[in-house]
Every structure is written in C-alpha cells, then in structure tokens.
Amino acid sequence: MSDLDCDAVIVGSGPAGATAAHVLTEAGRSVIVLEKGRNHLLDLDAPFGPKGDVSNDEIKFLSRHFLGPDPLLEPRAFRRTAADGDRLMVGDVNNLPSTVGGGGFHADGKLPRFREVDFRAASELGPIEGAELVDWPFGYDELEPYYGEAERIVGVAGDADANPFASWRADPYPMPPGPDMFAAIVSSEAATKLGYHPYRAPTGVNSVEYDGRPACNNCGFCAYYGCPIEAKGDPVAPLRRALRTGRCDIRPECYVSHVELDGSGRRARGVRYLDREGVEHVVRARFVILGAGAFETPRLLLRSEIGNSSDLVGRFLMFHFQTFVVGTFPFRLHGHRGRAVTHLHDDHMIPDAESLAAAREAGLPYFRAGIVEHGAAAGPIQEAIHLPPGSLHSRLMMESTLRDRLLAFTVQGEDLPQATNRIDLDPAVCDVWGNPAGRVTYSPHRHEVVASEHYAPKLTRILEAAGAVWTTTSTSPPRPGQRADAFGLAPASRHIMGTARMGADPRTSVTDPWQRLHDVDNVMVADSSVFPTSTGYGPTLTIVALAIRAARALVDLDPLRSVRPGRA
Amino acid sequence: MTAPSRHAFFTDHEHALVGVACERMIPAEHGHPGARALGVADYIDTLLGAFSFDPPRIFAGGPFSGRAGGDAGFDRFVALSNTQELAWRTRIEGSLGRPEREFNGPVRGWQETYRDGIATIGTDFATADADEQDRRLAAVAEFRDLLYRHACEGAYGAPEYGGNRELAGWQAIRFPGDVQPRGYTDEEVSGRA
C-alpha cells in the first residue's frame, strides 16, 4: 500500500463513521476520519480526555449553532414540491450537528431497536399505493448480534422485559435503566390505565459507571446538548477506542469536496478535501467510507457524480413525521431534572382493529405511527421565545405553563419512501466552500398524516387522564392545509434516512446489502442513507449495528452470530 | 483591551432605549425583576460588540460555571474557527460588500437592524405610553422579533454572556440553571417535589 495514506478514509465522525473507525482499527487497519465540523468532544492526543467545551449552556447550544452547521455557512434549501419553484426557504433544514461526534453529540440517546416486522414491511404488512415500500435485504435475526454489539459499544441502559412489543434479544442490556423522570411517571401511569404499554426507554446514557465513564447525574441538559461528564456513550466511546489503537487519525474542520475514482470508473482512489485554511489535500485509501449522514452523503455523491446509475441517489428521503401532543398541568413536573425522555410506548406502531378500520375509511390498507416519547420541557429561553412579549410575559414565565408544568408526547411517525421526496443540489444557493447547497424536496404521504390524525386524540386523552388542564397538538411538517407553526414548514425531525437505499438490485437501489455502492464497490455508505424504510423508531442504534456489520464485512471479518433464547 | 465607552457597541442613549424596549417586553412584576434590572441591554451590547473582546464573546467555555461545584470555566470564552468568525462577523456586522461574506448575496447585520430600529422607534420612546410603545415596536417587526429573542436570552441565559444579573432571571422562574457537576439525585428526578 505504498501509495496509500491509510486503509480507509472515513467521511464524517458521527455514529456511523465513529463505529466504522472503531471496527476497522480494532481489526488492525488504519483510518483517517475527515470531519467538516470542529472538535469539541475529546482531546485528539492521548489519553484522549474530554475537551471541556461542553456545558449546561442554553445560549451556546440552542441559540448560537455551537455544534454547527451554521446556516450562514452551510445553508440548506427546502421546498414541498417542484410546484413551489426552486425553493421555498433557505437556512436551517434538518441541521444535525456538524462536529466531531456528529448527530450522536446532541442526542439524548434513546436507542431502541427496530422490530422483526420493520425489516419485512412490504411482504408482511403489504404495499401502499404511492409509496415504494420494500423489505430490507436481510432480517432482524441477522442484525440481532450487531444490535447487541452496538449496545455494548455505546453502553445502553435498559430493561429487556419492559416492552411487550420488543423483538427477541440474545443478551440483557449492559446496564439497568436509569431513574424515571417524575413527568414520565405521571404520563406512564395514565397511559397504562388506558391500556397502553409504556416502558423505560433504552438509553445510551450510563446508569452506572461503564467503560471508564461515570453514571449520569441527571443534569437535564441532555437533548440538544453534549454531555459535560461523558455519561452519554455515543459517539465518544467508539471514537476513543479507535484513537487508543494508534491507527485512527481524526482531522476536524476538513471538508471533503469530492470522492475520486480511478481510470476504470469502478474504483475510488480516495477523496479530496479542504483543510481549515482552505488548502486542498488528497487522501488515497483502499476504501472510502461515507458516514456524513443522510443529508450530506447523497450531496457528496451527487457533486462527485458517482454511484448514481440508478438515478436514486438522494431519493426516498424520509424523515419521521412528528406529532406533538402537549399538555399543561396544575402542578410542577420539573422536567429540567433527568435525561429528557425516560419512557416510550410502541402501541401506535401496531395496527389493531380500530386503526385498520380508520385506515380503510381513509383508503389505506393500514397505517402505523411511531414510538411515543414521554418528554418534558427544560430550557427557559425556548419557553420564553414561545410566549408573547408584553404584560403577560413575566407572569407566564413565573407560572411556567410551557416548561415546568408541561408534558409532551412526541410521535416519531413512520414516513413512507417516495421517489419524489429527495435531496438534490440547489441550482443557485451554495455553501461557504462554493459548492451547491443541498435542497430538500419533501411532502408527507397521506399515510403519515392519517396515522397522525388517528393517534393524536388518543394521546390527548392520556394527558387529560394524567391531569392536564389544557392540551394542544401540532405536527412537523404541518399537515396539508395547516399553517406552519414554530417548527416551520420543513420537517423538524433530526431523523433522516433513505437517500442511498440498500438492496440487491442495482436498478432499484444505490448500495448492495453490505452497503457498498453498486457502481463503485470500494465505497461503503455507513449511515442511515441506506435505510430502505424508516419505520417509527429512532435510527441511531440501527445505524451503529449496520455500520458494525458492513465494516466487518469490508475487511473480511467473520459475521457475528447470536442464538435466540429457547431455540438453541 | 481598553473599551472606548462604557459599552461594547451601544451609545449610552441606545443602551438606555434598548433597556426600555426590553422592559416593555419582559416587564418587572411582583417576584420578577424585569428586563432592565436583569441587565438585558448589557447582554445585547455584549453580543453586538462581541468582537471587541478576545476571544469574541460568542461561545462561553466549559465544562462548569462553578455555581454547582467544579472550577469556573464559562467565562473562558471559546476561540472561533476561521469559518465561525466569518459567520458571526457577517451575522453581527453585516456583509458590508465584502465578497467573502456575500457568497449567497448581501446580508444585513444585527448592528444595522438595531441602529435602524432604535432610530425608528424614536428618541422619545421612553416617555411614550405603553400602547404607543407597542405600536412603535409593531411597526418595526423584524427589529422587534430580534430584540425579543435577544431579550429572552439575556433574561434567562447564563450570566457570563452579560445578562441574567445576579441570577435573578433564573430565581424568578424557579429554574436552577446549570447544575454540573452536582446534578440531581435519583429522588429529585423521580419524586414529586
């Protein structure tokens, strides 16, 4: 490998890239990780301790784009359909952190697995007109050992018996669940009485000391913040493991402009990037691994003009269709203490007689919504901004109906794949490096909207049963015909998937079942771009599990296997 | 550094007027000191004049403030990267015709929005009655919305950014603020109180 700089160059240091770096370096391979954002996560010199930049600071994290991307530097465009013209707005669209650690940095770490049916939605649940539902090229049983490994690497706390709908697992969670938030106890009790099955969320947050990192101390600055004490494992755990091998070179503020092919056009030679001074460099590697996320990965493929013989790069863009049902309470809930969300329920993922009847009435064979997060509010600046200025402001802030007395259900609704929903390159807007901005064209399928309309009133009834004195419902994106609220017209969900779909057939997918581009087989897509469907669960644990599987296969390691309890 | 005036950006007159406008949006009430006593105008002045400090007062440091144990690190502001400096200078100062700031066209800066907004609401704004103040602010909606967002940050954000004087903003709303490295006990998380 005399002319190679490393075995693999990895674009992006989030959950996907960090996992690939860990797997490859553990197997003795060398990697260079190029991250366009800054490093606030950990020292890049031994012993790789915390950087010390992370703090309980609402201004820095929620008002000032500390983790990037800054929409002035990296604007993104949005339109609902081509009928909106070139774009409807420019700015902040799905701005998952652009920083060492990527999307894992700011997440509060709810890490559910998908269920068996989620890998076989087309064959088990059936097609839906207007959507291109497909089965995944492999099933849950094949992914199970990788889920287990992902939970061990990140460090997931959970209760294996808590969720009656969960699929089988070979091993218990590495840690017991952390403490239940008071607000979630209130909402869970009411939900249970109404026949639902709330459970303690599996979270990638230490409940006890784990992997040399301390137990969470419940500071409450969790979702949208990094963890000042490293109680969250994703992505610091895999990155630190990779660094400790001495075979991982993380280069922050390095922006990959192109993936470069050799003369045959079938192999990548490496990538070209700009460093923080704007100086161009080339990295040559045996493998190129793309872990830039389901927004930036297709954008990089499109501007490099590779991998797109199917014309599917950027298509089948999926967000979770979010439904927010919030209630205010006559008593204080202190949602600023704890891990942001400690309970979930899956009931609205399971079609029942009532939902099937509602679906038929709407002309759909069935629908599914998504997991419901039992959450509370934390930040007073966000609360204040949502209140009207003027004479009522100070009284409402002291009463805190929108923060200390607020309980919120967030449904991460399954979003069906549609070829017209896509990321492409904006014809005029560009980023600070002079490359075309990514543009989202997205409208929800009727399935998402009908599911949301069906389940929102049920969630309202749970809040009322829990004692809410006032409730309201909104969605992101807005339901058709509804005005945009505080979340705006573009989907606010940070869950983004599907833009380099994986499958066996090169005509109908971008990567093969091992996540390599059909067109260029030494390029592997490690992130959620490869998801064929979105299901209704947070994507991160599945990203990590897939990245372990694909990275192991890339360097010919044996597949992991597990044994289903009772079937040995 | 030696500041040319008592403020990083505002004149005394502008500082006073911003204080009055913020007070109208976040007024003093029994149990709440209101924007002026919280030093919200100082917060906004620090933001608009962030580049008169080194490092610029954009991102407070970490990991702890010292209020809940540990060493005080918030007041050691984080140095900006080249691109962050470009973004924040553009956002605050405007693009000013400089090509490196105008790759997507001209950008109006917050300093200009404030200077124009303050001039438009009038030098007699402080003596106008509440309804008249509301009318004048409503007539400059872009400025009013920016001012309100900044006022909320200055009232309820970390005091190292210049506002939330003596933590009175957090005390008024019973918010403990940053709590690392102490955090909360399991009982405080799960219990009713």
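Buried means under 20% relative accessible area, exposed means over 50%, and partly exposed lies in between (1.4 Å probe, protein chains only). This is a predicted model, in which local features need pLDDT of at least 70, side-chain atom pairs count only at pLDDT 80 or more, and totals for chains, interfaces and linings use all residues. Residues are numbered from 1 along each chain as its sequence is written, chains are lettered from A and ligands numbered from 1 in the order in which they are written, and side-chain values use heavy atoms, with hydrogens and water left out.

**View 1. Where chain B meets chain A**. The contact (heavy atoms within 4.5 Å) takes in 60 residues of chain A and 64 residues of chain B. Together the two chains bury about 5,000 Å². That figure is the accessible area (1.4 Å probe) that two parts lose on being put together, summed over both. Carbon and sulfur atoms account for 59% of the buried area. Polar contacts also cross between the chains: 33 residue pairs make them, both residues being at pLDDT 80 or more. A polar contact is a pair of N or O atoms within 3.5 Å; within protein, one must be able to donate a hydrogen and the other to accept it, and residues adjacent in sequence count only if both atoms are side-chain atoms.

Six helices of chain B each supply at least two residues of the side that touches chain A: α1 (12-25), α3 (40-48), α4 (82-93), α7 (141-156), α8 (168-172) and α9 (186-190). Helices (H or I, at least four residues) and strands (E, at least two) are DSSP runs, numbered from the N terminus. The largest share of this side, eight residues, comes from α4(B). By class, the side of chain B that touches chain A has 34 nonpolar, 18 polar and 12 charged residues.

**View 2. A salt bridge between the chains: Arg91(B) and Asp70(A)**. A salt bridge is a side-chain nitrogen of Lys or Arg within 4 Å of a carboxyl oxygen of Asp or Glu. Side chains of opposite charge can pair when their charged atoms come close. Between Arg91(B) and Asp70(A), the closest N and O atoms are 2.6 Å apart. How many salt bridges cross the interface of chain B and chain A? There are two. Over all chains, the count comes to 51.

**View 3. Ser63(A) beside chain B**. Ser63(A) sits in helix α2 of chain A. Its relative accessible area is 15%, so Ser63(A) is buried. The side chain of Ser63(A) makes a polar contact with the side chain of Glu153(B), at 3.2 Å. Leaving out residues up to four places away in sequence, Ser63(A) touches Glu58(A), Ile381(A) and Glu153(B).

**View 4. Helix α3(B) under cover**. Eight of the nine residues of α3(B) are buried. They are Val40(B), Ala41(B), Tyr43(B), Ile44(B), Asp45(B), Thr46(B), Leu47(B) and Leu48(B). What covers them? The cover includes α1, α2 (34-37), α4, α5 (110-121) and α7 of chain B, along with α2 (58-63) of chain A.

**View 5. Arg286(A) and Asp7(A), paired across the sequence**. Their side chains meet in a salt bridge, 3.0 Å from N to O. Arg286(A) lies in strand β9 (residues 280-290) and Asp7(A) in strand β1 (residues 6-11) of chain A, so the pair ties together parts that are 279 residues apart in sequence. Are these two residues buried or partly exposed? Arg286(A) is partly exposed, at 35% relative accessibility, whereas Asp7(A) is buried, at 10%.

**View 6. Arg267(A) and Asp521(A), a link between loops**. These side chains form a salt bridge, 3.0 Å from N to O. Arg267(A) lies in the loop between β7 (255-261) and β8 (268-274) of chain A, and Asp521(A) in the loop between β18 (496-497) and β19 (523-525) of chain A, so the pair ties together parts that are 254 residues apart in sequence. Arg267(A) is partly exposed at 34%. Asp521(A) is partly exposed, with a relative accessible area of 34%.

**View 7. A buried pair in chain B, and a network in chain A**. Arg101(B) and Glu93(B) form a salt bridge, their closest N and O atoms being 3.0 Å apart. Arg101(B) is buried at 6%, and Glu93(B) is buried at 18%. In chain A, salt bridges that share partners join Arg76(A), Glu296(A), Arg299(A) and Asp431(A) into one network.

**View 8. Cysteines without disulfides**. A disulfide is a pair of cysteine sulfur atoms within 2.5 Å. Cys6(A) is buried, with a relative accessible area of 1%. Cys219(A) is in no disulfide either; the nearest cysteine sulfur, that of Cys227(A), is 6.3 Å away. Cys219(A) is buried too, at 7%.

Key: Ala, Val, Leu, Ile, Met, Phe, Trp, Tyr, Cys and Pro count as nonpolar, Asp, Glu, Lys and Arg as charged, and the others, Gly among them, as polar.
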